[in-house]
Amino acid sequence: MTKIDDVARLAGVSTATVSRALRGLPTVSAATRRRVLAAAEQLQYAVSPSASRLASGRTATVAVVVPRITRWFFGTVVEAVEETLNESGYDLLLYNLGGRERTRQRVLRAANLNKRVDAVMLVATPLRPAELAELTTLDLPGVTISSGSGVPGWPCVRIDDVAAARTATRHLLDLGHRRIAHISGDPDDELAFTAHLDRRRGYQDALRAAGVPLDPSLDIESKLTVDGGNLAATELLARGEPPTAIFAACDEMAMGAIRALRDAGLRVPQDVSVIGIDDHELSGVLGLSTIAQPAAEQGRLAARILLDPLGGRALSEPVRRIVPAPGDTGPAGPASGPVILPTRLVVRDSTAPPRPD
């Protein structure tokens with residue numbers, strides 16, 4: 001079996017130079033690199049990935065932490081991250097917390113991550129004070145996706161949740177609705193990261209701007225799932241006069257709300273309009289109006305931001321501003337702060353003007 005020493009002898013250089021040349025480091029001249037590559041090809045020498053990683057002191061691996069991989073948003077983000085990392089020769093080490101406290105305590109520790117990975121990505125993972133203190137001691141690049149999982153010094157890629165919720169509520173107001181309910185995330189739910197708080201604020205901002213009084217009986221919390229939306233809508237209907245429209249904090253909750261309304265003999269949108277946030281892959285099938293967020297693009301951009309300091313495929317240009325297209329919501333964000341991607345209103349069959357009394 002050909003060894004690196006054989007390549008060095010044939011090329012007339014040291015083994016260290018062979019290693020640097022094959023790894024593409026800039027400290028090797030073009031002529032020497034060509035000589036080394038020719039010798040390696042002639043001897044059919046293949047670099048061992050594990051040996052190359054040991055020599056460089058890197059693992060070529062990025063840790064990605066998600067609360068629960070089975071949810072649409074997290075799965076979509078992780079798939080895009082893995083694809084982007086693989087293009088640059090990096091592997092993804094997935095940590096799926098899954099609501100398991102022991103897993104969480106083991107994963108979100110500097111001792112677990114140091115020397116195991118080259119960088120860390122947190123996807124919508126709110127941190128406790130002790131966890132934040134652990135991660136701030138890491139001497140590794142990091143990035144977060146979605147609000148509520150910030151680490152000082154780490155870039156963040158997200159949407160403007162307040163603006164997205166304001167757009168969803170304003171759509172219902174523009175249709176003529178005034179009795180608009182909101183199904184929000186449960187603060188005790190492990191998946192209820194702070195985005196649901198921003199979405200509630202956007203809902204309330206839109207009502208105030210339209211001169212519609214806030215009605216606490218129309219604001220209800222539940223789990224960010226189909227079942228959670230079903231339970232919340234069922235409770236709303238049991239409280240008395242039903243709303244003419246429902247804004248759900250995510251599409252899965254909106255789907256559950258539609259099921260509850262239909263079980264109660266109400267038609268969507270003739271009796272009650274429903275809108276969500278996400279543009280889940282099933283939203284188009286169900287005709288659900290929504291605020292589409294670029295989940296995959298958030299994953300790709302976050303991965304590119306991590307690869308830049310690692311020497312992977314660098315950004316084609318500095319991330320300065322993400323400019324919304326016409327009609328999109330969400331301001332652009334500078335590279336030094338959150339990078340905010342635009343969202344857009346998608347009107348389908350689940351929203352319509354309220355039925356005349």
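Predicted model: local features only at pLDDT ≥ 70, side-chain atom pairs only at ≥ 80, totals over all residues.
Residues are numbered from 1 along each chain as its sequence is written, and side-chain values use heavy atoms, with hydrogens and water left out.

Val 64 also has a bridge partner in β2, namely Leu 94. Strand β1 (residues 61-66) pairs in the parallel sense with β2 (residues 91-96) over six bridges, and with β3 (residues 119-123), again in the parallel sense, over four bridges; pairing here requires that DSSP finds at least two bridges between two strands. Between β1 and β2 the chain passes through helix α5 (residues 72-87), in a β-α-β crossover that is right-handed, meaning that, with the strands pointing away from the viewer, the path from the first strand over the helix to the second runs clockwise.

How many of the six residues of β1 are buried? Six of the six are, buried meaning under 20% relative accessible area, with exposed over 50% and partly exposed in between, for a 1.4 Å probe and protein chains only. In a regular strand the side chains alternate between the two faces of the sheet. In β1 both faces are covered, with Thr 61, Ala 63 and Val 65 buried on one side and Val 62, Val 64 and Val 66 buried on the other.

Let me turn to another sheet, an open one of six strands in the order β7-β6-β8-β9-β10-β12, with mixed pairing. Its edge strands are β7 and β12 (344-346), each of which pairs on one side only. Strands β6 and β7 run parallel and are joined by four bridges, and Ser 184 stands opposite Glu 221 in β7. Helix α10 packs on this sheet, touching β6, β7, β8 and β9, and its direction makes about 165 degrees with that of β6; axes are lines fitted to C-alpha atoms, for helices over the stretch in contact, and angles run from 0 to 180 degrees between N-to-C directions.

Also in β7 (residues 219-222) is Ser 222, which counts as buried because its relative accessible area is 9%. Leaving aside neighbours within four places in sequence, Ser 222 is in contact (heavy atoms within 4.5 Å) with residues including Ser 184, Asp 186 and Met 253.

Met 253 brings us to the largest nonpolar core, of 38 residues, where Met 253 is listed with Ile 180, Ile 183, Ile 246, Phe 247 and Val 274 as touching the most other members. Such a core is a set of buried Ala, Val, Leu, Ile, Met, Phe, Trp, Tyr and Cys residues joined through side-chain atoms within 4.5 Å. Among the elements that give two or more residues to it are β6 (180-185), α10 (195-209) and α12 (251-263), and α12 gives the most, with seven. Apart from this core lies another, of 30 residues, among them Val 62, Leu 85, Leu 92 and Ala 124.

Finally, the cysteines: Cys 156 counts as buried because its relative accessibility is 13%, and Cys 250 because its value is 8%. A search of the whole structure finds zero disulfides, a disulfide being a pair of cysteine sulfur atoms within 2.5 Å.
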